[in-house]
Amino acid sequence: MASVKEFHRRSIEDRESFWREQAALVHWHKPFSRVLDYSRPPFAKWFVGGETNLCHNALDRHLAERGDQAALVYVSTEVNEERSYTYRELHAEVQRAAAMMQSLGVKKGDRVVIYMPMIPEACFAMLACARIGAIHSVVFGGFAAASLAARIDDARPKLMLTADGGSRMGKVVLYKALVDEALRLAKHPPEKVLIYRRGLDPNMPAAAGRDVDWKALAARHEGAQVPCAWLESNEPSYILYTSGTTGQPKGVQRDVGGYAVALAASMKHIFCGGPGETMFTTSDIGWVVGHSYIVYAPLIAGMTTILYEGVPIRPDAGIWWKIVQDRRVNVMFSAPTAIRVLKKQDPAYLKKYDLSSLRHLFLAGEPLDEPTHVWISQALDKPVIDHYWQTETGWPILSAMPGVEKTPIKFGSPSFPVFGYDLQLLREVDAEPAAANEKAVVAIVPPLPPGCMSTVWGDDARFVKTYFSTFSKMQVYSTFDWGIRDAEGYYFILGRTDDVINVAGHRLGTREIEEAVSMHPNIAECAVVGVQDALKGQMPLAFAVAKDGSKLATPQGRAQLEKEVMETVDKQLGAIARPRTVHFVTLLPKTRSGKTLRRAIQALAEGRDPGDLTTIEDPGALEQIRNALKEKAAA
Ligand code: AMP
C-alpha cells in the first residue's frame with residue numbers, strides 16, 4: 001500500500017502518468033490523445049480528444065456482469081414507498097426517458113432544467129441527459145419561484161422536468177405550481193414542461209400545448225433503445241448553480257471525461273466502495289453531493305445506490321440505521337447537521353440495528369465540530385471521515401483516503417489534501433506559504449484536477465475573476481476558506497474568508513468560536529456571527545441550541561449557561577473570542593442543505609434586512625433569532 005503522502009506527491013509531480021492510470025478506471029470509446037492541455041490558464045482540459053459518456057459508464061458498462069444487481073433503490077418515508085431497479089431495469093428506464101426527451105426536441109448540447117423531488121424519475125432524467133449529451137441543470141426543490149426563474153434565464157433550457165408535488169415531513173410541496181410561477185417570471189421559458197404526476201396534487205392545472213404528461217409519453221416509448229452519444233471529454237455534462245458573494249448565482253459547468261475519472265478514482269481511493277456493494281448518501285440530487293455520490297459515482301463503481309426521500313427523524317430517529325441494516329449499506333455519506341440532529345435524539349436508536357455492514361461514515365458540506373465528530377464516532381464505533389470540498393470541485397479536496405492508506409483520524413480535521421490538488425495555504429497579505437499552525441487562505445495552484453468546474457456557464461471571464469483573482473501576485477484558485485495545517489500535516493478548515501471577524505485587530509473565524517462554544521457539554525450546536533462594535537470593530541455574537549432545554553426555563557438558568565459558555569470560550573480560545581452575548585434558541589436558521597444562514601443572522605443582529613431567504617428550511621428559526629435579540633435588548 002502506498003502512503004497517502006507519496007500518492008499525493010506523485011499526482012502533482014508526475015501528473016500526467018498519474019491521471020493516465022486513473023483514467024483506466026472508466027471506459028473510453030475513443031482513447032484520449034493528451035492527458036492535459038493547459039495552454040490557456042487557468043482553463044484546464046483533461047483527456048483531450050478522448051470520447052466517453054457518463055451514462056455508459058454508469059449503466060451499459062455493467063450490464064454483462066451485473067445486469068440483475070440492484071442499481072437504484074428508492075426508499076421514501078414521505079409517501080411510504082420503496083422501489084428497486086436492477087442495472088438492466090434502470091438502463092431501460094433511462095433509455096425510455098432519453099427517447100421521451102428526444103421526442104420533445106431535446107438534442108445534444110440543449111439544456112434541460114430538472115426541478116424534481118427525490119424520486120427515481122429525477123435520476124432517470126439526469127442519466128438520460130448524460131446519455132444523449134444534453135446538459136442537465138438540477139435545481140434544488142427548496143428554491144422559490146424567483147430563484148428558479150433566474151436559473152432558467154441563465155441556462156435557457158429547451159425542456160423542463162418537474163413533478164406535481166413533493167413531500168416534506170408529510171406535508172405536500174407543490175412543485176408544478178411553483179414551476180408555473182417561475183415560468184411566468186422567466187424571460188426565456190422552455191417550450192415544453194414534462195410532468196411526473198405522483199397524485200400529490202389532484203387539482204394540478206396543465207397548460208395546453210406546453211405541459212406534457214410523463215406517464216402518457218412514457219407509455220409511447222416502452223422498450224425504446226437510445227444509443228449513447230459519444231462526447232469529447234471536455235464537452236459539458238451539467239450545470240449546477242451555486243451562490244457566492246454576489247446575488248447572482250453562478251452556473252458551475254462540469255465536463256464529461258474528467259468528471260467520470262475523478263469520481264471513479266474517488267470511489268476507489270477515498271470512499272472504498274466496490275462493485276456489488278451499497279452506498280447510502282443522504283443528500284439531495286439538487287446539490288453537488290447528490291450529483292456525485294447519489295447518482296454518478298456509485299453507479300460508475302458498479303454499486304447499488306440508495307435514494308432516500310425523507311428526513312432523518314421520521315418515522316423515528318432510527319430510520320437511517322434501519323436502512324443501513326436492511327440494505328446492508330457499506331458506505332454512508334451524510335452531513336454534520338444531520339448528525340447533530342440525531343445527537344439530540346435518544347441514543348438507543350443507534351444500538352437498535354445491525355450496522356455490521358457499514359465500513360465508514362463520510363461527512364462533508366460544512367464544518368464538523370469536534371464534539372459531534374467524537375460523539376458519532378463513538379456511537380457507531382466506525383471510522384467517521386470528515387472531508388472537505390465545494391460545489392465547484394465536484395469531489396473531495398481534503399480527506400482521509402483509506403483506500404490508499406489507513407491514516408489515523410484527528411477529530412475536527414478533514415485530514416490531508418486529496419490526490420490531484422496542489423493545495424497551498426497562502427497568507428492573505430502577500431500570497432506567501434504559511435507556516436505550520438498559521439491561519440491562511442486555502443488555495444489550489446492550477447490546473448484544477450479532473451472533475452472540477454471547467455468554467456462558469458457562459459461566462460469565462462467571471463470564472464477567472466471570481467476564483468483566480470484573490471492574489472495579484474499569482475493566479476491561484478481561492479476556496480474562500482481559511483485553514484491551518486498542523487505540524488503533522490493535518491488540515492483544519494476555519495470558516496470562509498468572507499465570514500471573517502476582526503475583533504480589536506485580531507482576526508477570528510466564526511467557526512473557531514462555534515467549536516469553542518460547542519465544547520460546553522450542554523450545547524448541541526451554535527452559530528456565531530460578527531456584529532459591529534464601536535470599540536473593537538466587531539464582536540462575536542453566539543446563538544446556541546441547548547441539549548437540555550430545561551436548564552433555560554428561568555432567567556437565572558439562562559444567565560448561568562451563558563456565563564458557562566463564555567468561560568468555555570475563554571478557556572478554548574481566549575477572552576478575545578468571548579461572545580458579547582449568547583442567545584438561546586431551539587433551532588438555527590439553515591438552508592435545506594444544512595448550511596447555517598449566518599449572513600441572515602448577522603443582518604438581524606445588526607438591524608439590517610436579512611435578504612434573500614428562499615433557501616431557508618424553517619422561517620420560524622429566524623423569528624426565534626429576532627425574539628432572542630429583542631429579549632436581550634430589553635433585559
Ligand atoms: P458548497 O459548495 O455549498 O458545498 O459549500 C462549500 C463550502 O462549505 C466550503 O467552501 C466550506 O466553507 C464548507 N465546507 C464543506 N465541507 C466542509 C468541511 N468538511 N469542513 C469545513 N467546511 C466545509
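Reader: Which backbone does a nitrogen atom of the ligand lie 3.1 Å from?
Author: In general, look for pairs of N or O atoms within 3.5 Å; those are polar contacts. Here the model is predicted. A nitrogen atom of the ligand sits 3.1 Å from a polar backbone atom of Gly365. Side chains take part too. An N or O atom in the side chain of Gln390 is 2.9 Å from an oxygen atom of the ligand. For Asp481, the distance from a side-chain N or O atom to a ligand oxygen is 2.5 Å.

Reader: How many residues surround the ligand, and which are the closest?
Author: The ligand has 13 residues around it. Asp386, His387, Gln390, Thr391 and Asp481 are the closest. Sort the shell by class next. It holds five charged, four polar and four nonpolar residues.

Reader: Now Ser137. Is it buried or exposed?
Author: Check relative accessibility; under 20% means buried. Ser137 has 1%, so it counts as buried. Ser137 belongs to strand β7, residues 135-138.

Reader: What does the side chain of Ser137 reach?
Author: The backbone oxygen of Ile239, at 3.1 Å. Leaving out residues up to four places away in sequence, Ser137 touches Val112, Val113, Ile114, Ile239 and Tyr241.

Methods
Residues are numbered from 1 along each chain as its sequence is written. This is a predicted model: local features need pLDDT of at least 70, side-chain atom pairs count only at pLDDT 80 or more; totals for chains, interfaces and linings use all residues. Side-chain values use heavy atoms; hydrogens and water are left out. A residue is near a molecule or strand if one of its heavy atoms lies within 4 Å of it. A polar contact is a pair of N or O atoms within 3.5 Å; within protein, one must be able to donate a hydrogen and the other to accept it, and residues adjacent in sequence count only if both atoms are side-chain atoms. Ala, Val, Leu, Ile, Met, Phe, Trp, Tyr, Cys and Pro count as nonpolar, Asp, Glu, Lys and Arg as charged, and the others, Gly among them, as polar. Helices (H or I, at least four residues) and strands (E, at least two) are DSSP runs, numbered from the N terminus. Buried means under 20% relative accessible area, exposed over 50%, partly exposed in between (1.4 Å probe, protein chains only). Contact means heavy atoms within 4.5 Å.
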